[in-house]
Structure formats: C-alpha cells, structure tokens
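Here is a short note for a colleague who is new to this entry. Please look over the structure before reading the points.

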Amino acid sequence: MDFRYTTEQEMYRQAIREWLTKNLEPRARAIDEAEAGIPTDITEGMAELGMFGVTIPEEYGGMPLPDEERLIYAMITVHEIARADLSMSTPVYTLLTIGWSYIVNRYGTEELKQELLPAVAAGKAFAGINTTEPGGGSDLAAITTIAPWSEEKQAYIMNGEKAYVSGPKECEKWGPPSGHCTLVKTDPEQSYKGFTFIWVPAHLPGISYTTYKDMGRMGLSTGGWIYKDVELPKKYVLGEEGKGFYVNMDGFNAARVLVAAACLGGAEKGLEISAEYTAQRKTFGKPLGKWEGISFEMVDDWMQLDMLKLNLLRGAWMIGQEHTNPGQFGRKEINKVISTCKCLAPTLCHDIARHGMIYHGAFGYTKDTPLEMLLRGVMSYEVGAEGGLMIMRGIIARDEWGETHNPFKD
Ligand SMILES: Cc1cc2nc3c(=O)[nH]c(=O)nc-3n(C[C@H](O)[C@H](O)[C@H](O)COP(=O)(O)OP(=O)(O)OC[C@H]3O[C@@H](n4cnc5c(N)ncnc54)[C@H](O)[C@@H]3O)c2cc1C
C-alpha cells in the first residue's frame, strides 16, 4: 500500500502545474468574462503536454501510460486545471472530453475509436455526455428520446430532445468528429433493456441546438439539442444494444471521479488563497489567521478536503483495477466510493469559496478575487451536473443497504 503518486505521476503533475500556472491561471477571469469559449492556444498547449491524451491509448494518438493508471492521470490533470481556472470552464471542458473518451475507448467500435480518439488527443474535438431531457435528468429511466433500428436505412433513427447539455458551441467550434455519448431508447416498448448508449456526432443532418445563459463557468456553453430523423450507423453503438443503461452508469462513475477532482482542485486553491490573505490582513492588531473563529473553520475545511482527496484516489484506483482485471470490487463497491466523492466534493468546494469570500470581507464580494467565480462555477455540480447530490445519496443507500433502502424502486 502506498498513498503517494508514483515518480512518473508526480513528474507529470509538476510539469502541467508549471504550464497551467503560467499560461492558464492569468487568463481565467478573461475566459469567464469573454464567454467566448476556451482560447485555442490554451487547448493547443494542453494537448502538447498530453493532457487530452491521458485516457487514450498510444495507438490512437494518446499517452503511453499503463491502462490501470489512466484515470489517475486524468484525475491529476483535472485537479491541476481546476487550480488554475477557478471559473471551472477549462476543467469541466477537459473532464468531459477525457472522461467520455475513456468510455469510448472502453466500449466503442474500432471504427469509432479511429474516427474520434486521435482528434480528441490532439485537442481538436469535444466529447461530452448527453442524457438529460427537458422532462428531467435524475430519472434516466423516464427518458423519451428514441432511436429504433431501420432495416431500410441500415441505421438507428433518432428523434427527441436533450436539455442542459454541456458543449454545443464547442462541438460547433471544432466541427467533426465532436459529439456526445448519448442515452436513447432503441426499443421504446422495454424498460431498462430498451436503452442503448450511442455516440452522436453533433454535425449529422437533423440536429440543431439552442443555448442557455448560465450563472457560472461562462467559458463553456450549455444548451439543448433537437433531433429529427437523425441516422446513426451501428458503428456508433457503445457496448451492446439494449445494455446502454449500464454502460452509461459505468461512464458516470469515471466522469464523477473527474468532477470530484475538479471540485477538490478548486477547493484546494481557494483554501490557499484564504490562507495567504488571512496571514497578512490584520484586525485588532493580529492577522485574521490568528483568530480561531477563522482558522478553526479553515481547519475543518482542510480536514474534509484531505480526507476526500484520499477517497478520490481510492475511487480512481479501484476503477483502473477493475478495468484491467474485472471482478475485483464489483459495481456496488465502486458506486459507493465514487458517489461519496461526487456528493461531498462540490459542497465542500462551495463552502470553501464562500468562507474565503467572507474572510476577504468587502474585497471578497468584488471580482478582484477569483472566489466568487469559483462559487458560481462549482454550483453547477450542486444543482445536478453529472448527477444530483440527492441521487448520489440514493445510490449509496441502495448499494449499502439494498432494496429496503432503494429510493429508485417502489
Ligand atoms: C451547468 C450544467 C451542465 C450540465 N451538463 C450536462 C451534460 O453535459 N449532459 C447532461 O446530460 N446533463 C447535463 N446537465 C444536467 C444535469 O445532469 C441535471 O441537471 C441533473 O441530472 C438533474 O436533473 P434535472 O436538472 O432535470 O433535475 P430533476 O431531475 O428535475 O431534479 C431536481 C432536483 O431534485 C433532486 N432530486 C431528484 N430526485 C430526487 C429524489 N428522489 N429525492 C430527493 N431529491 C431528488 C435533484 O438532485 C435535483 O436537485 C447539466 C446541468 C448543469 C447545471
């Protein structure tokens, strides 16, 4: 048992931190305010350092890494990006792209991998997740987007609507092969067995989108998709037809590791900013940090952060082990660890941003500190992105105590 990163992991972490601190951190506010997306020179620089290739095998242009460590490298990547861009725009852009590419690599056909993964690794394509519909996001079994197979067209014919999905403008910016892993019903008569998880390239005929005006992470768009008779060939199916619900859930576990990594990176940086400020700002003749009302609250935040970081490492490690040697832990054990991180990390990050704003007094309420940007950005993960906090609690109740405590079934 070893609780440290390996020498190689630590070298990678230091290299990307140096680059991100110099190149991304000074531009985080501008990314949030311009609302023009993440600048191309930033994504190019990230790609050069291999950040988009951590979950992609070398044969598709990715990084030469051991498969069981890929999610750990992804976690390091997102954690470090979040420290540099507290608006959460660049970390979320990256976590979606590398997290869902991880699933494409695991479940995609050879043709799809050839089509998508080299462009992702080169930083020239966006890959996202597409489950939420206007009728709701938590109850995925209730989705209504359909894509039955047509013998005549030799394609699944997709019709429906998705909502609150990250990345429509980014798909347009990069063009093909950008798109989303999407949950559809290929057999509308069936319940769980009717679901298929399928890659939907955003540029196909019959697809259009609208965008929303969000409160935070302004450098990354969110919008709704409309699908009208969109033809999806078989090569885009992820896993098997009819097993999409489970493939989607596997993807959520990997993505939630990275969501928690983004929240913990932001929280870590937020706490550092507060420690620095409270060390030098004096009231009643003493630095703020000497007042226990402040320092003990900071300690409470630090303790939770430290414990969550360890739990997250455990989760990323478990998924990596399970990926390369299935059956070691089982879905329930992994679900509980990951859901714990996804449930607690956004709230902790929010608390740290809010506490920090209060320690900064009136200064904290201005845009001269990045803390309000962090607070706005991380709220996306409290209201629901990649699964609501109550849903995480429901998963833990179900997988720890069984059907008597399963809120998802009567
Ligand atoms: C900025 C942003 C980006 C997003 N990006 C994506 C994306 O890329 N792809 C995508 O598919 N979706 C995305 N989403 C949508 C997100 O996944 C949904 O918001 C989430 O699944 C919750 O669905 P909902 O908003 O429809 O809320 P609902 O399902 O209507 O739930 C409303 C609230 O009730 C809570 N709740 C639900 N059921 C229960 C229960 N049984 N007990 C107690 N509380 C409950 C939920 O946690 C939530 O807080 C994004 C959301 C945001 C805010």
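The points below go from the whole chain to the ligand.

1. Basis. This is a predicted model; local features need pLDDT of at least 70, side-chain atom pairs count only at pLDDT 80 or more, and totals for chains, interfaces and linings use all residues. Residues are numbered from 1 along each chain as its sequence is written.

2. Make-up and size. The chain has 12 helices and 10 strands. These are DSSP runs numbered from the N terminus: helices are H or I with at least four residues, strands are E with at least two. The C-alpha trace spans about 80 × 50 × 40 Å along its principal axes.

3. Packing. Buried residues make up 50% of the 410 residues. Buried means that 20 or more other C-beta atoms, placed from the backbone, lie within 10 Å of the residue's own. Among contacts between residues at least 6 apart in sequence, 74% join residues at least 24 apart. A contact puts two C-beta atoms, placed from the backbone, within 7 Å.

4. Ligand shell. There are 24 residues around the ligand, and Gly137, Ser138, Gly384, Gly388 and Met390 come nearest. To count as near, a residue has its C-beta atom, placed from the backbone, within 6 Å of the molecule.

5. Where the shell comes from. β1 (127-130), β3 (155-166), α11 (371-383) and α12 (389-401) are the elements that give two or more residues. α12 gives the most, with 4 residues. Domain 2 (129-238) and domain 3 (249-405) each supply at least three residues to the shell. Those domain bounds come from an automatic or database assignment.

Terms used. Buried ≥ 20, exposed ≤ 12 C-beta atoms within 10 Å, placed from the backbone.
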